[in-house]
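Reader: I am new to reading protein models. Could you take me through one part of this one closely?

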Amino acid sequence: MSRLLYLRGFEGILVHGGKPLIEGLRRSLDDDQAPRVYHPVMISVQEAERIVAQHSPSSPPVPCPLAKAQGRILREEIHADRDQPPFHRVMMDGIAISPHARESGQTSFLIESTHAAGAPPLRLNDPTACIQVMTGATLPEGCDGVIPYEDLSIRGQQAELNPGLVLKPMQWVHVQGADRKKNERLLAPGMRLLSPQIAILASTGRTEVRVGAIPSIAIVSTGNELVDIGQELEPYQIRPSNAYGFHAALNRAGFDRVDLSHARDDRSAIRQCVEQALSAHDVLILSGGVSMGKLDFVPEVLEQLSVVPLFHKIRQRPGKPFWFGVAPGGKQVFALPGNPLSSLICFHRYVLPSLFQSMGEPMRRHEQVLLGEGIGATGTSTLFIPVTLKQGIEAIPISHHGSGDLSALAESTGFVELPEGPLHFEKGTAVGYHRWN
Ligand code: AMP
Ligand code: MG
């Protein structure tokens, strides 16, 4: 099949079997940020992933108060504002002694003074005496090691070492600059800010940090059968549960500007909803209306609205009819099939990673788990199978009644990805795993 496709700003591109016939043009397009070639045939999961990644627009870096930065994607390099640790830090409560005393094998010490964390640096005056030190204090000048309380006994002002101790220079001292030197890099752009990264930022005194702006997202559920929660419904109607699942996953990931709406299976209703969503939001996610049904108008309406289709249909089960395109200005449009398993799986497999990529996070490697049971496959599609993860590694497949069986997901923790090709996957095979957010 050949097809002539017009992309805004370009001449027509003749594509054949998903490949452009004019390779030179393809190369010039690949160098550009503009939408690329529409694939009129089913593509692989990897190809779909690559196309979505190539069209994940970069959100601008924005300042964010440190207290609100958890889960955000770092967009600047963070350097040590001073040596880490910034001084020779005492690592144990005990006594600090001089190198002279250590080398001479002295075992009994007069306690000259006590030195707590946060106190200005102190000096040992008598090299045969010691200073009581607390964890976090500076190592007193004139000392080169700490003996913990566990290794000594104290009577009055006298400290006695336990017999047989072997002392090393700088023992129990966290040496200044041992972890990082001043100006060395602590955090790299693209990191997700979880508790360790936030703590590192705080250790440098930052009150604000530059992170990827959070895109605003419109979710449009399509379908005449959908009646929102909180309203009466007829026996032949259902709830728009997909939208609530997406919303929950987005919420948990920190996307705080998410708008939910509904369009009936009617060209003008869909058109109106899409126009409104694209004018007010950065990303559009649709559910339903992308299959072969007589009322599946979503791809047609999107194309009428100049959303450039990049693919429709992926060699995967469930979720084959997934449609993806880019609106004028580069806004991503994800049109997911309506069946609940298809929708949630496509959302977690493609949409959520792409949103994080937009905010500056590099593509992550998929988690690997081991199949808890052998599974037969067709060989012609990637299979996504809901599973319950046991002991953090063993994926037990969940039996279900097809991609409409939402109830089956109740006990699931995520889904595994079985690549196209093999006709059988042995129990114990390592496979990709995607956890529900
Ligand atoms: P569609 O992709 O529009 O052909 O829908 C496929 C199936 O998914 C139909 O049984 C729909 O009723 C169901 N469905 C569509 N949208 C939703 C939704 N938002 N939540 C739950 N089920 C849906
Ligand atoms: Mg529908």
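Predicted model: local features only at pLDDT ≥ 70, side-chain atom pairs only at ≥ 80, totals over all residues.

Where is the place of P85?

Author: P85 has its place in the loop between β5 and β6, where β6 spans 89-90. Q84 and P85 are joined by a cis peptide bond. Its omega is about -10 degrees. Why note it? Most peptide bonds are trans.

Now look for another cis bond. The peptide bond from R317 to P318 is cis as well, with omega near -10 degrees. P318 is in the loop between β20 (316-317) and β21 (323-326).

Go back to β5, which covers 78-79. The loop between β4 (61-65) and β5 holds E76. Is E76 buried or exposed? E76 has a relative accessible area of 16%, and buried means under 20%, so E76 is buried. Its side chain has polar partners. One is the side chain of R206, joined to that of E76 by a polar contact of 2.7 Å. Another is the backbone nitrogen of R210, which lies 2.9 Å from a polar atom of the E76 side chain.

Next, check phi. Most residues other than glycine have a negative phi. W172 has a positive value, near 55 degrees. W172 is in the loop between β12 (158-161) and β13 (173-174). Its relative accessibility is 39%. That falls between the cut-offs of 20% and 50%, so W172 counts as partly exposed.

S306 also has a positive phi, near 65 degrees. Find S306 in the loop between α7 (298-304) and β19 (308-312). With a relative accessible area of 31%, S306 is partly exposed.

Finish at ligand 1. Its space is the second largest pocket. There are 14 residues around ligand 1, and E225, S241, N242, G289 and G338 come nearest. By class, this shell has 4 nonpolar, 8 polar and 2 charged residues.

Backbone atoms also meet the ligand. A polar backbone atom of S241 is 3.1 Å from a nitrogen atom of ligand 1. For G289, a polar backbone atom is 2.9 Å from an oxygen atom of the ligand. For N339, a polar backbone atom is 3.2 Å from an oxygen atom of ligand 1. How much of the ligand does the protein cover? On its own, ligand 1 has 490 Å² of accessible area, and the protein covers 78% of that.

Definitions and conventions:
Residues numbered from 1 in each chain as written. Chains lettered and ligands numbered in written order. Heavy atoms only, no water. Near = heavy atom within 4 Å. Polar contact = N/O pair within 3.5 Å; in protein donor to acceptor, adjacent residues only side chain to side chain. Areas by Shrake-Rupley, 256 points an atom, 1.4 Å probe, with all protein chains shown as cover. 1 Å grid on protein atoms, 1.4 Å probe; cavity = no way out; pocket = protein on both sides within 12 Å on 5 of 7 lines; lining within 4 Å. Sits in = over half its atoms within 2 Å of the grid points. Nonpolar A, V, L, I, M, F, W, Y, C, P; charged D, E, K, R; others polar. Helix = DSSP H or I, 4+ residues; strand = E, 2+ residues; numbered from the N terminus. Buried < 20%, exposed > 50% of the residue type's maximum accessible area, 1.4 Å probe, protein only.
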